[in-house]
Amino acid sequence: MQHRTIGDTTVSAVGLGAMPLSIEHRPDEQRAIATVHAALDAGVTLIDTADSYHWHADEVGHNELLIARALARYGGDTSGVLIATKGGRGRPGDGSWTVNGAPEHLKHAAEASARRLGVDAIGLYQLHKPDPAVPWAESVGALRELLDAGTIRAAGISNVTTAQIRQAHAILGAELASVQNQYSPAVLDSEPQLRLSTELGLAFLPWSPLGGISRSSLDGPSGPTSTGTTFHRVAAEHGVSPQQIALAWLLARSPVVIPVPGASRPASITDSAHAAQLMLSEAELTQLDHALPN
């Protein structure tokens with residue numbers, strides 16, 4: 001397993017996106033915990049969660065509690081595992097998502113997340129999405145207060161523009177550790193944010209990193225999956241899955257990239273973790289780049 005850094009913490013180059021374990025179409029708890037344990041067995045030391053990763057309105061924090069139980073039941077050492085959680089979004093239970101970036105909400109949400117995770121301080125706490133009803137500086141200021149209070153050890157931001165990254169960096173300085181935006185072979189809109197993150201030394205955590213290769217858990221079981229792409233052809237040459245090729249391609253984009261592919265089965269995260277050992281040639285990377293959408 002390759003390793004990369006988030007702030008001053010070293011983590012596996014591929015993380016586990018735990019959302020599919022708690023939202024619609026989620027597996028039963030036995031399989032969910034087995035999936036987390038398979039990630040740990042494969043050397044994954046970054047698990048990405050959020051207080052809003054749940055299905056029904058009355059189960060806020062479902063995913064955080066699940067991760068805490070899975071870690072407690074694991075037979076090995078979990079002291080090096082970084083749990084990255086997020087606050088600022090909600091799920092009313094009808095399938096929709098809300099946003100709340102009010103400082104008081106974020107501070108209470110972080111404290112509740114820490115209790116659910118069973119930690120004195122959250123290793124990485126990420127503002128899930130900018131709230132258009134709240135000035136960005138005020139939402140980021142809540143992260144500053146959480147850092148100062150010791151509730152969180154490092155801060156991250158998600159679903160942001162380059163201007164919002166720069167403003168957050170000005171407020172948080174070196175304690176801004178990460179940016180998490182959607183980025184994949186099919187969705188390249190955050191290329192400017194990736195370049196800026198690389199310039200500033202911020203970890204860039206692509207969510208839904210297998211777009212164009214596999215369905216996102218948000219798509220449901222009927223979502224489209226591509227076949228016969230250049231990623232599939234390169235995968236066949238290596239004798240691996242196209243998902244591994246997509247993750248290896250992402251890792252080659254920048255040394256700050258740490259993909260967090262979702263998984264709801266042990267086999268899925270085991271396969272994804274193997275991408276951290278896969279090295280693509282310059283010719284293969286060029287071939288894959290030429291296949292990207294314009």
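Two strands are taken to pair if DSSP finds at least two bridges between them. Helices (H or I, at least four residues) and strands (E, at least two) are DSSP runs, numbered from the N terminus. The structure is a predicted model, in which local features need pLDDT of at least 70, side-chain atom pairs count only at pLDDT 80 or more, and totals for chains, interfaces and linings use all residues. Residues are numbered from 1 along each chain as its sequence is written, and side-chain values use heavy atoms, with hydrogens and water left out.

The strands E3-E4-E5-E8-E9-E10-E11, in that order, form an open sheet of 7 strands with parallel pairing. Strand E3 (16–17) and E11 are the edge strands, and each pairs on one side only. E10 and E11 run parallel and are joined by 2 bridges. Across this pair, Val-179 stands opposite Phe-204 in E11. Helix H5 packs on the sheet, where H5 touches E9 and E10 (contact means heavy atoms within 4.5 Å). The direction of H5 makes about 160° with that of E10. Axes here are lines fitted to C-alpha atoms, for helices over the stretch in contact, and angles run from 0 to 180 degrees between N-to-C directions.

Helix H4 covers residues 136–149. Its 14 residues should span 20 Å at 1.5 Å a residue, and the end C-alpha atoms are 20 Å apart, which agrees. The expected span is 1.5 Å times one less than the number of residues. Buried residues of H4 include Trp-136, Val-140, Leu-143 and Leu-147. Buried means under 20% relative accessible area, exposed over 50%, and partly exposed in between (1.4 Å probe, protein chains only). The buried residues of H4 pack against helix H3 (103–117), strand E8 (124–127), strand E9 (155–158) and helix H5 (162–172). Just after H4, Gly-150 takes a positive phi of about 80°.

Helix H6 spans residues 191–200, and Gln-193, Leu-194, Leu-196 and Ser-197 are buried there. These buried residues fall within an arc of 165° seen down the axis of H6, so they line one face of the helix. The arc is that of the directions from the helix axis to the C-beta atoms. Arg-195 and Glu-199 are exposed on the other side of H6. The partners of the buried residues of H6 are H5, strand E10 (176–180), strand E11 (203–204) and helix H8 (242–253). Pro-192 also lies in H6. Pro-192 counts as partly exposed, at 34% relative accessibility. Pro-192 and Thr-162 are 30 residues apart in sequence and 6.9 Å apart in space, C-alpha to C-alpha. Just after H6, Gly-201 takes a positive phi of about 75°.
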